[in-house]
Every structure is written in structure tokens, then in C-alpha cells.
Protein chains: 2
Amino acid sequence: MKTIGRHVISELWGCDLTKLNDMNKIERIFVDAALRSGAEVREVAFHKFAPQGVSGVVIISESHLTIHSFPEHGYASIDVYTCGNLDPNVAANYIADALNAQTKETFEIPRGMGPVAVRRIQAM
Amino acid sequence: MKTIGRHVISELWGCDLTKLNDMNKIERIFVDAALRSGAEVREVAFHKFAPQGVSGVVIISESHLTIHSFPEHGYASIDVYTCGNLDPNVAANYIADALNAQTKETFEIPRGMGPVAVRRIQAM
């Protein structure tokens, strides 16, 4: 299996406060996001905090999706990491829409590209 | 709860091949890494792939730790994301040592800093 992956980090602000505190809804959104992107779901683990906030992960054959929600700030911290031919933006965009994010900052990090090669420079 | 977090991405190469394929060992290493960094463990979910490889997550009160291992390449893809006063490097360094990584590339991403403010520039 190839090590190369695409890791999208998505910072969502101005989300629907009620959704951000609804663990069951977030879990459904995340499983749906994984499936829509063509991923195979392997493990699902979510946790509801008191007094508010949800953390969770969907482990897929192609890596993972995670969330940490802060309903009191309308903020959701999202990671979508995929290997293979999947596009992590499919799931990240679906999640942003489903949480009604008003502001979305997204960037992508390449993963598993191989160790940095330090070439020996021959003395002149 | 404050939204600010520190997310360390750690690309480990030249790891111990046997450890990378041992789900129970990896799970212990990750729970130990979380506890050593002062985190509170909330959920633990790991998955063993056929013919090889392990994916998993430890959800902590302060965010999460994840791994995807590729034993055939000696590669482990690590994320340690912490909120509060925890230093994610404590767990990331412990994991790298425990997996006998020969090469470690690490970088840190600030999370939850707030939406980018676009200030209106007054016309002259």
C-alpha cells in the first residue's frame, strides 16, 4: 500500500450551535461524509463533553476524519486525511455545509511523501 | 473552553517493522503517550488491516492522537493535537522513540486561532 496521503485541515467558524452539541447528528454527518467521498468506514468513536462539545473520529480504510466542536464559540476543528485516490475535500466540504459554517479556512498537507533526502555535497 | 490548540504532525520513517504491525502494542504506546503528556483519555479505537498496517485514535479531553502505520515501508503517520496547556511534543517524541523511528519530520500547526479577519481599508 502506498504511503502517500492528502490531509485537509478545515477550520469552521459560525457553525450551527445546536448541531455542534448534538453528538448523534455529528456522527451521522461524519459517516455520511466518509461514504460520500468513497471511503470504507472501519471504526467510529465519538464523545460528548459536559457541559458541551463533541469530539470524534471515523477511521476509514483510507485514514481518518476527526472533529472537535466548541458550540459556545461556533467553532469546529476538522481533519480529513485520505490515502489512495480519494479527494479529502469531498468530505470536508460536505461537513462544512452540514454544520452551516459561515467561515471556512482550509489547507492541505501532503503526507507520507518519504523522508527528506539530505544529499551529500562533494567538496570542490 | 478555549478553542486554541496545537497540532503536531509527525512523519516517522525507519520504524521497527514488527511494532508497526502490532495493534495491541501501538494502542499501549498511544495511551501511554497521552497519559505522559498529562492528557485525560476518553475513547480508544484501533483497527488492524490485512495483510498489514494499523490505524487508530486516542480521543483525549484535550483533542486527539492518531496513527496510520505502513509496516512494509517502515512508515508511521502521526498526529498529536492538544488544547489547553499540554505540549503535544511530549506525546509525539515518546511515540517516535517507542517505535524506534530512524527519521522524524515534525511540524506544528496552530488551531482554533479564530477566523481570519479581513479589515476594510478606507479609501484615501
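Predicted model: local features only at pLDDT ≥ 70, side-chain atom pairs only at ≥ 80, totals over all residues.
Tutor: Setting aside neighbours within four places in sequence, A:Ser61 is in contact with A:Met1, A:Glu40, A:Arg42 and B:Phe49.

Student: What makes A:Met1 a contact of A:Ser61?

Tutor: A contact is called when heavy atoms lie within 4.5 Å. A:Met1 is listed among the contacts of A:Ser61, so the pair has heavy atoms within that cut-off.

Student: Where is A:Ser61 found?

Tutor: A:Ser61 sits in the loop between β3 (54-60) and β4 of chain A.

Student: Why is A:Ser61 called buried?

Tutor: Its relative accessibility is 15%. The word buried applies under 20%, so A:Ser61 counts as buried.

Student: How far is A:Ser61 from A:Ala33, in sequence and in space?

Tutor: The two are 28 residues apart in sequence, and their C-alpha atoms are 14 Å apart.

Student: Which residues of chain A does UniProt place under "active site"?

Tutor: The unreviewed UniProt entry puts that feature at A:Ser63, A:His68 and A:Cys83. UniProt also lists A:Ser63 for "modified residue: Pyruvic acid (Ser)", again in an unreviewed entry.

Student: Why does A:Ser63 count as buried?

Tutor: A:Ser63 has 2% relative accessibility. That is under the 20% limit, so A:Ser63 is buried. This residue belongs to strand β4 (residues 63-70) of chain A.

Student: What does A:Ser63 touch, leaving aside its neighbours within four places in sequence?

Tutor: Its contacts are A:Val58, A:Tyr81, A:Thr82, A:Cys83 and B:His68.

Student: Why is A:Cys83 called buried?

Tutor: Set its relative accessible area of 3% against the limit of under 20%, and A:Cys83 is therefore buried. You can find A:Cys83 in strand β5 (residues 75-83) of chain A. With neighbours within four places in sequence left out, A:Cys83 is in contact with A:Met1, A:Ile4, A:Gly5, A:Glu62, A:Ser63 and B:Phe70.

Student: How much of chain A is buried?

Tutor: Buried residues make up 50% of its 124 residues. The secondary structure of chain A comes to three helices and six strands, which follow one another from the N terminus as β-α-α-β-β-β-β-α-β. Along the principal axes, the C-alpha atoms of chain A fill a box of roughly 65 × 30 × 25 Å. Of the contacts in chain A between residues at least 6 apart in sequence, 60% join residues at least 24 apart.

Student: Let's turn to chain B. What is the order of the six strands in its open sheet?

Tutor: The order is β2-β3-β4-β5-β1-β6 of chain B, with antiparallel pairing. In general, strands of a sheet pair through backbone hydrogen bonds, either parallel or antiparallel.

Student: What makes β2 (41-48) and β6 (103-111) of chain B edge strands?

Tutor: Each of these two strands pairs on one side only. From one strand to the next, the twist averages 10 degrees.

Student: Which strands does helix α2 (residues 23-36) of chain B touch?

Tutor: Helix α2 packs on the sheet, touching β2, β3 (54-60), β4 and β5 of chain B, and its direction makes about 155 degrees with that of β2(B). Helix α3 (residues 88-98) of chain B lies across β1 (5-13), β4, β5 and β6 of chain B, at about 15 degrees to β1(B).

Student: How do α2(B) and α3(B) cross?

Tutor: Their axes come within 8 Å and cross at roughly 145 degrees, and the crossing is right-handed. In this contact, B:Ile29, B:Phe30, B:Asp32, B:Ala33 and B:Arg36 of α2(B) meet B:Val90, B:Ala91, B:Tyr94, B:Ile95 and B:Ala98 of α3(B).

Student: What kinds of residues make up the contact of α2(B) with α3(B)?

Tutor: Eight are nonpolar, none is polar and two are charged. Asp and Arg both count as charged, so B:Asp32 and B:Arg36 are the charged pair.

Technical notes. Residues numbered from 1 in each chain as written. Chains lettered and ligands numbered in written order. Heavy atoms only, no water. Pairing = 2+ DSSP bridges. Helix = DSSP H or I, 4+ residues; strand = E, 2+ residues; numbered from the N terminus. Axes fitted to C-alpha atoms, helices over the stretch in contact; angles between N-to-C directions. UniProt positions renumbered as here; feature names shortened; annotations may be inferred. Buried < 20%, exposed > 50% of the residue type's maximum accessible area, 1.4 Å probe, protein only. Left-handed = near helix turned anticlockwise from the far one by under 90°.
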